[in-house]
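Please read the following report alongside the sequence and the structure.

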Amino acid sequence: MTLIDLASPTRFLALTARLLPWLAAATIILLAIGLYQSATAPDDYQQGATVKIMFIHVPNAWLSMFVWGVMSIASLGTLVWRHPLADVAAKAAAPIGASFTFLALLTGSLWGRPMWGTYWEWDARLTSVLILFLMYLGLMALWRAVDEPSRAARAAAVLTLVGAINLPIIKFSVDWWNTLHQPASVMRMGGSSLDRSFLIPLLVMAVAFTLLFVTLHLAAMRNEILRRRVRSLQMMQASRVAFAEVGTGSREGSTSKEAGAA
């Protein structure tokens with residue numbers, strides 16, 4: 001099945017109905033394995049047990065940017081390729097991305113308190129991630145504020161692509177500026193600097209959270225498609241009722257005129 005085939009909402013719904021149970025099962029299994037490995041990982045010689053916050057914080061931080069990247073691709077689909085499900089994909093991803101970003105900020109603050117002596121610092125990395133969270137909220141508000149779906153889709157797509165400028169700023173902020181946040185330690189030239197006892201649980205949790213996003217995203221897209229179908233049916237029903245009322249009013253007016261003439 002190609003992307004062109006998935007342009008049909010009916011085919012997409014049929015495919016996701018088959019995939020979602022398997023994705024949910026795989027997510028639960030990987031999360032269970034990742035949480036067990038995270039709990040049994042050794043304490044760090046400097047950070048102690050607080051280092052285990054990393055296994056939740058880092059996947060959420062990665063996904064906060066990854067989800068916006070997915071939304072940016074979907075926005076191109078809306079503006080350039082006119083794919084009928086592109087706006088559905090972007091709109092369904094926004095609340096999930098906002099949740100990952102909020103969890104990244106929350107766990108980062110909890111991790112930063114014992115390490116930096118403060119829950120928050122106007123650090124380049126922290127500030128740029130906070131801006132990303134606010135952009136998620138702005139997009140969600142935009143979709144709610146504009147009643148006409150096609151106008152909301154185009155406006156949200158433009159804002160998403162403009163906001164994508166923030167992604168490289170988040171990624172390279174620790175290299176461009178002097179920040180409290182540590183530089184990249186997993187994906188870097190020369191290989192990861194993490195010990196295997198930390199790296200393996202972290203990668204398992206990253207895959208588990210990615211599967212969680214895919215599962216939630218597909219489920220949210222299904223709900224959005226069904227919601228739009230219900231809205232279309234309601235609008236059709238309202239149009240029929242209005243047409244019937246106009247027709248009834250016209251007939252009553254004609255009858256009154258005929259009675260007056262008689």
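Leaving out residues up to four places away in sequence, threonine 101 touches Ser64, Val129, Leu132, Phe133 and Tyr136, where contact means heavy atoms within 4.5 Å. This is a predicted model, in which local features need pLDDT of at least 70 and side-chain atom pairs count only at pLDDT 80 or more, whereas totals for chains, interfaces and linings use all residues. Residues are numbered from 1 along each chain as its sequence is written, and side-chain values use heavy atoms, with hydrogens and water left out.

The side chain of threonine 101 also reaches the backbone oxygen of glycine 97 at 2.7 Å. The C-alpha atoms of threonine 101 and leucine 63 lie 7.7 Å apart, although 38 residues separate the two along the chain. With the same exclusion of residues up to four places away, leucine 63 touches Phe100, Phe209, Thr210 and Phe213.

Both residues in the table are buried (under 20% relative accessible area; exposed is over 50%, partly exposed in between; 1.4 Å probe, protein chains only), and helices are DSSP runs of H or I, at least four residues, numbered from the N terminus.

| Residue | Helix | Relative accessible area |
|---|---|---|
| Leucine 63 | H2 (residues 54-81) | 4% |
| Threonine 101 | H3 | 0% |

Definitions and conventions. Helix = DSSP H or I, 4+ residues; strand = E, 2+ residues; numbered from the N terminus. Polar contact = N/O pair within 3.5 Å; in protein donor to acceptor, adjacent residues only side chain to side chain.
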